[in-house]
Amino acid sequence: MPTVALVNGHAFAAGLMTAMMHDYRLMNPHRGFLCLNEVEFGAPLKPPMSSIFRQKLPSPNTLRTLVLEAKRFNALAALNEGIVDGLGGVSEVLKFVGEMQLIEKARSGVYGRLKGEMWRETVGYLDDHAGSEKLAEAQLEERKGQVESEENRVVDWEKSKL
């Protein structure tokens, strides 16, 4: 089944992730920002979370700006960057559904299979939640080891200066 998200205000963090899971996104042009602000409160993106952005954003630069800079995109900027597909409210969404013939496309019965193949990476992470969690934990442990090693190097360097 085709899905369309209408973002009628702010969509930060999980709100933006939820919108990105839809096939199409339209945003109110008069209010709200889209932002992935995990970097600001120290929350890592788990594999299915980062995967959906990698797969759906048209530009690595937009991905970098969202993930590493926590930029707030207004509706026009989000449209220009390809984060949303259109601007408007409920009436524009209904018009969009008609113009894109989404109801007719759903009748073929193949729409879901096509989406599953298009977004195979993300679907795989979601289907293998336990594996995704193990991967995230392994990455976290690796990072802890790197931080400890870096801290030890600083301590050793400071001792050598005495």
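**Pockets, salt bridges and burial**

Me: Which residues line the largest pocket?
Reply: The lining of the largest pocket consists of Pro44, Leu45, Lys46, Pro47, Tyr125, Glu133, Leu135, Ala136, Glu137, Gln139, Leu140 and Arg143. The model is predicted, so that local features need pLDDT of at least 70 and side-chain atom pairs count only at pLDDT 80 or more, while totals for chains, interfaces and linings use all residues. Residues are numbered from 1 along each chain as its sequence is written, and side-chain values use heavy atoms, with hydrogens and water left out.

Me: What makes a residue part of a pocket lining?
Reply: A lining residue has an atom within 4 Å of a pocket point, a pocket being an open set of points on a 1 Å grid over the protein atoms alone, where a 1.4 Å probe fits, with protein on both sides within 12 Å along at least five of seven lines. Helix H10 (residues 129-160) gives the most to the lining of the largest pocket, namely seven residues; a helix here is a DSSP run (H or I) of at least four residues, and a strand a run (E) of at least two, numbered from the N terminus.

Me: Why is asparagine 37 called buried?
Reply: Buried means under 20% relative accessible area, exposed over 50%, and partly exposed in between (1.4 Å probe, protein chains only). Asparagine 37 has 13% relative accessibility and therefore counts as buried. Its place is in the loop between strand S4 (34-35) and helix H2 (38-41).

Me: How do you know that aspartate 23 and lysine 115 form a salt bridge?
Reply: A salt bridge requires a side-chain nitrogen of Lys or Arg within 4 Å of a carboxyl oxygen of Asp or Glu. The closest N and O atoms of aspartate 23 and lysine 115 are 3.2 Å apart, so the pair qualifies. Aspartate 23 lies in the loop between helix H1 (14-20) and strand S3 (24-27), and lysine 115 in helix H8 (residues 111-118), so the pair ties together parts that are 92 residues apart in sequence. Both residues are buried, and both belong to the lining of the second largest pocket.

Me: What makes lysine 95 and glutamate 99 a salt bridge, and are they buried or exposed?
Reply: Their N to O distance is 3.9 Å, which is within 4 Å, so the pair is a salt bridge. Lysine 95 has 55% relative accessibility and counts as exposed; glutamate 99, with a relative accessible area of 55%, is exposed as well.

Me: Why is glutamate 69 called partly exposed?
Reply: Its relative accessible area is 46%, between 20% and 50%, so the term applies. Its salt-bridge partner, arginine 64, is partly exposed at 42%.
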